[in-house]
Amino acid sequence: MTFSGFPPSAPRLYEALAADNSKESWRARHRAVYERDVRAPMEELAGELSAHFAEYAGGVRLLGPVRDTRMSHDKSPYKTYQGGYLDVLPALGFWLHLDREGLYASGRWYPYGGAEVARYRTAVGEEADGAELAAITARLTGLGFTIGGDRLATRPRGVPADHPRLELLRHRKIDAGRRLGPGPALGSAAAGAFVRETWELVRPLLDWAAVRGLTPRPRRDRGADTPS
């Protein structure tokens, strides 16, 4: 079927889960709404995105609704969002999720360890490479994107406080995205167009990381894993 948007009950489901995340409530009230109003349209959207970005193998994959609580202090059983992703390379790709605040779409670089972060900081420190990334992120910011992701509160060791790209050097992960809030657009095919456009706009950022080898290498090629 063709994706035609998410009904108002979809973001409301996650408001309800924030208030009552019990297994009993899920079985009695939430599961049917999830399957009909969240999962089904998300699968339709994932199919359309997979066809549009067919050059990336594997297609868009959707996450399940159950949280993995084994390593978490929060033992609430269900996720308060529906996520999906399309990887370009290991630890590099596109992301989207639906939650109580609407639809979020982004491109992200999420390295597994310090070796990739060290290579990233070397690239950002180079004048040409760093200036190119700064221009990409400035353009995205001007288009309404937020440049987020895990980053240091201060600065990496050895980086001067007046470095022109200090904010970029602080990053240990990058997520560049924007949000479509609840409203008529979310309930129409425009929501799919929003994700496609967002992913197209963020491609230069992913290409920048891919060309510079900032994704995990085979284990035998990995270097030190301890940047800070």
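Here is a walk through some aromatic pairs and salt bridges, with what to select at each stop.

Before you start clicking, note that this is a predicted model, where local features need pLDDT of at least 70, side-chain atom pairs count only at pLDDT 80 or more, and totals for chains, interfaces and linings use all residues. Residues are numbered from 1 along each chain as its sequence is written, and side-chain values use heavy atoms, with hydrogens and water left out.

**Aromatic stops**

The structure holds 10 aromatic pairs. To pair, rings of Phe, Tyr and Trp (its six-membered ring) need centres within 6.5 Å; planes under 30 degrees apart count as stacked, over 60 as edge-to-face and the rest as tilted. Select W26 and Y34: this pair is tilted, at 5.4 Å centre to centre with 50° between the planes. W26 is buried at 5% relative accessibility, and Y34 is buried too, at 2%. (Buried means under 20% relative accessible area, exposed over 50%, partly exposed in between, using a 1.4 Å probe and protein chains only.)

Next, pick F94 and W199. Their ring centres are 4.9 Å apart and the planes sit at 25°, so this pair is stacked. F94 is in strand 3 (residues 92-99) and W199 in helix 6 (residues 190-211), 105 residues apart. Helices (H or I, at least four residues) and strands (E, at least two) are DSSP runs numbered from the N terminus. Both F94 and W199 are buried.

**Salt bridges**

Side chains of opposite charge can pair when their charged atoms come close. A salt bridge here is a side-chain nitrogen of Lys or Arg within 4 Å of a carboxyl oxygen of Asp or Glu, and the whole structure has 16 of them.

Start with D37 and R36, whose closest N and O atoms are 2.9 Å apart. D37 is buried at 8% relative accessibility, while R36 is exposed at 52%.

Jump to E48 and R196, a salt bridge with closest N and O atoms 3.9 Å apart. E48 lies in helix 2 (residues 23-52) and R196 in helix 6, so the bridge ties together parts 148 residues apart in sequence. E48 is partly exposed at 26%, and R196 is partly exposed at 25%.

Then select R170 and E167, with their closest N and O atoms 2.3 Å apart. R170 is buried at 18%, whereas E167 is partly exposed at 45%.

For the last stop, show E55, E200 and R203 together: a network of salt bridges links them.
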